[in-house]
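Here is a briefing on one protein structure, written for a first reading. Please look at the sequence and the structure, then go through the points below by topic.

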Amino acid sequence: MKELTYPFDERQIRALKAGDAVEISGLVHTGRDKFHKFFADGGKITVDFRDGALYHCGPVCVKAGDGWRVVSAGPTTSVRENPYEPKFIASSGVRIIIGKGGMDAATLAAMKKHGCVYVQAVGGAGALYAASVKRVAGVDLFEEFGAAEACWHFEVEGFRGVVAMDAHGNSLFDKVASASDARLREIL
């Protein structure tokens, strides 16, 4: 298990390989469809993603006193962000993207060029990931987008996943597809 602590150093991120198990601690920001579209349309993003992490997540958060408590924080399907992610990676300096299901070749190329990795989180494990959120440090775009699409700022500890796309152009998703195609040809 490789431990990664915010801020995420480019050298450390480039040393990761597809298949590495990681444990993330520190600041992680969420962003889904509306966030990405807002960014693509030139909306003002006040969050500094440089050397940070973006989590494709629509968390369930409830008010708790003056703050928030995270009930569920499972990953959402990342493929929907493919039209926006390469530009976001290039301009934001983000080092880790977390989600489920992988992303396309253009996003993988941007990760390779700019030193970013895609960490696969387990779908259906929202309560487990919520337990890794030690504090909600804030939220942006809540009024504009609503709770699930807002940009939440989580301080996490021990958030686990697997590097599925690395900064060397390797993708576990591509390897599985190739192996499956080869096996299917053998069977047929």
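In helix α4, which spans residues 105-114, four residues are buried: Thr-107, Leu-108, Ala-110 and Met-111. They lie on the same side of α4, because the arc they cover around the axis is only 160°. The model is a predicted one. The points below start with the rest of this helix and then turn to a loop residue, salt bridges, nonpolar cores and cysteines.

**Helix α4 and its ends**

- Ala-105 and Lys-113 are exposed, and they sit on the face of α4 that is turned away from its buried side.
- Where α4 starts, Asp-104 has a side-chain oxygen within 3.3 Å of the backbone nitrogen of Ala-106.
- Gly-115 follows α4, and its phi is positive, near 75°.

**Glu-149 in its loop**

- Glu-149 is found in the loop between α6 (142-145) and β9 (151-165).
- Is Glu-149 buried or exposed? Its relative accessibility is 11%, and residues under 20% are classed as buried, so Glu-149 counts as buried.
- Residues up to four places away in sequence set aside, Glu-149 touches Arg-32, Asp-33, Lys-34 and Phe-35.
- With Asp-33, the side chain of Glu-149 reaches the backbone nitrogen at 3.2 Å.
- With Arg-32, Glu-149 forms a salt bridge between side chains, at 3.2 Å from N to O.
- This pair ties together parts that are 117 residues apart in sequence, because Arg-32 lies in the loop between β2 and α2 (33-40) while Glu-149 lies in the loop between α6 and β9.
- Arg-32 also counts as buried, at 17% relative accessibility.

**Other salt bridges**

- How many salt bridges does the structure hold? The count is 9.
- One of them joins the side chains of Arg-95 and Glu-10, with 3.4 Å from N to O.
- Arg-95 is in the loop between α3 (85-92) and β6 (96-99), and Glu-10 is in helix α1 (residues 10-14); the two are 85 residues apart, and the pair links distant parts of the chain.
- Arg-95 is buried, with a relative accessible area of 8%, whereas Glu-10 is partly exposed at 31% relative accessibility.
- Arg-95 and Glu-10 also belong to a network of salt bridges, in which they are linked with Arg-14 and Asp-51.
- Another salt bridge is formed by Glu-23 and Arg-160, whose closest N and O atoms are 2.8 Å apart.
- This pair, too, links distant parts of the chain: Glu-23 belongs to strand β2 (residues 21-30) and Arg-160 to strand β9, 137 residues apart.
- Glu-23 is buried, its relative accessible area being 16%, while Arg-160 counts as partly exposed at 47% relative accessibility.

**Nonpolar cores**

- The largest nonpolar core has 29 residues, and those touching the most other members are Ile-24, Ile-96, Ile-98 and Phe-154.
- Which elements give two or more residues to this core? They are β2, β3 (53-55), β6, β7 (117-120), α5 (126-132), β8 (133-140) and β9.
- Strand β9 gives the largest share of this core, 5 residues.
- Apart from its neighbours within four places in sequence, Ile-98 is in contact with Ile-24, Val-28, Leu-54, Tyr-55, His-56, Val-119, Ala-121 and Phe-159.
- There is also a second, separate core of 20 residues, and its members include Ile-97, Ala-110, Tyr-118 and Met-165.
- Ala-110 was named above as one of the buried residues of α4.

**Cysteines**

- The number of disulfides in the structure is 0.
- Cys-116 is in no disulfide, and the nearest cysteine sulfur, which belongs to Cys-151, is 15 Å away.
- Cys-116 counts as buried at 0% relative accessibility, and Cys-151 is buried with a relative accessible area of 0%.

Methods. Residues are numbered from 1 along each chain as its sequence is written. This is a predicted model: local features need pLDDT of at least 70, side-chain atom pairs count only at pLDDT 80 or more; totals for chains, interfaces and linings use all residues. Side-chain values use heavy atoms; hydrogens and water are left out. Buried means under 20% relative accessible area, exposed over 50%, partly exposed in between (1.4 Å probe, protein chains only). The arc is that of the directions from the helix axis to the C-beta atoms. A polar contact is a pair of N or O atoms within 3.5 Å; within protein, one must be able to donate a hydrogen and the other to accept it, and residues adjacent in sequence count only if both atoms are side-chain atoms. Contact means heavy atoms within 4.5 Å. A salt bridge is a side-chain nitrogen of Lys or Arg within 4 Å of a carboxyl oxygen of Asp or Glu. A nonpolar core is a set of buried Ala, Val, Leu, Ile, Met, Phe, Trp, Tyr and Cys residues joined through side-chain atoms within 4.5 Å. A disulfide is a pair of cysteine sulfur atoms within 2.5 Å.
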